Amino acid sequence: MRTRLLAMLLALLLAGTASAFLDEATPPAWAAGEPPFGLPFADPPGPSTWLVGQAYGNTTGAYSARRSQYSRGQGVHFGVDLSAPCGTVVVAIGDGIVAGADGPWGSLPHNLMIDHANGYSSMYGHLLEMPKLQRGQPVRKGQPVALTGDPDETCYSRPHLHLEIRSANYIHWYNPMVFINADWDSLALTGSFSRGFEKDLDNPRQWQTLLDQPEVDFNQPFLNEYARPWPPSPGTR
């Protein structure tokens, strides 16, 4: 009897642990049954088209530069980087209205913000040139809106698209990989120039998958001030 009771308790404990893990790693349920946005490229991924460069979230690259490059986003990489040759056509990830081009949204040399009716906004950064769209202009999902560039303006050092999903007031960031309907596990297998997520050895399972990364707010305290980070970096206290 005691053995059976212990087995039942163990089964319940394991079920609860699995449920908690799935809740943490599974994207939220959308009203339409799938994430609301699409990929920002019409072409399929590949070595000659585009690859995932850096995921959203507490990446090792963002952690090492959290005080310099990512301080306004609580120390995490607040977009997803998609490596692509300069001049690759970028398409709107959803229907929306152009909020502006080359606005105060970072990701130089050029950027574009599109507001969507579902309450979110998408920002496309590190563009090759100022998008030829007017503020207030409607765009459709899949419509060409910009060309990829390089933040260093060389087109050979690190050309890529930096894509963000923000709140309607632009001061809260969401994980684009949760909001975009794509097989991110497969897409992230190759191409990354910032591999993996920074680990807090005092809480080693936190923020270690593509979909469980934290949402962040503009100019708020760091989320990743770790006493024991791994891997160690120059940003370690």
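Begin by selecting Tyr174, which counts as buried because its relative accessibility is 15%, under the 20% cut-off for that class. This is a predicted model, and the values quoted along the way are computed from it.

Tyr174 and Phe179 make up an aromatic pair with a tilted arrangement, their centres 5.3 Å apart and their planes at 50 degrees.

Now move to Phe41 and Trp50, which are both buried and which form another tilted aromatic pair, with 5.3 Å from centre to centre and 35 degrees between the planes. In total, the structure holds nine aromatic pairs.

Next, select Tyr70, Phe78, Trp173 and Phe218, which together form one aromatic cluster.

For the largest nonpolar core, which has 34 residues, select Leu112, Tyr124, Val145, Ile165 and Trp184, the members that touch the most others in it. Among the elements that give two or more residues to this core are the strands β5 (111-115), β6 (120-125) and β9 (160-167), as well as the helix α4 (184-187). Apart from this core lies another, of eight residues, including Tyr70, Phe78, Trp173 and Val216.

Stay with Tyr124 and display its surroundings: leaving aside residues up to four places away in sequence, Tyr124 touches, among others, Val90, Ile93, His110, Leu112, Leu161 and Leu163.

Finish at Tyr63, where Arg66 lies over the face of the ring, at 4.0 Å from the ring centre.

Methods:
Residues are numbered from 1 along each chain as its sequence is written. This is a predicted model: local features need pLDDT of at least 70, side-chain atom pairs count only at pLDDT 80 or more; totals for chains, interfaces and linings use all residues. Side-chain values use heavy atoms; hydrogens and water are left out. A nonpolar core is a set of buried Ala, Val, Leu, Ile, Met, Phe, Trp, Tyr and Cys residues joined through side-chain atoms within 4.5 Å. Buried means under 20% relative accessible area, exposed over 50%, partly exposed in between (1.4 Å probe, protein chains only). Helices (H or I, at least four residues) and strands (E, at least two) are DSSP runs, numbered from the N terminus. Contact means heavy atoms within 4.5 Å. Rings of Phe, Tyr and Trp (its six-membered ring) pair if their centres lie within 6.5 Å; planes under 30 degrees apart count as stacked, over 60 as edge-to-face and the rest as tilted. A charge sits over a ring if NZ of Lys or CZ of Arg is within 6 Å of the ring centre and within 35 degrees of the ring normal.
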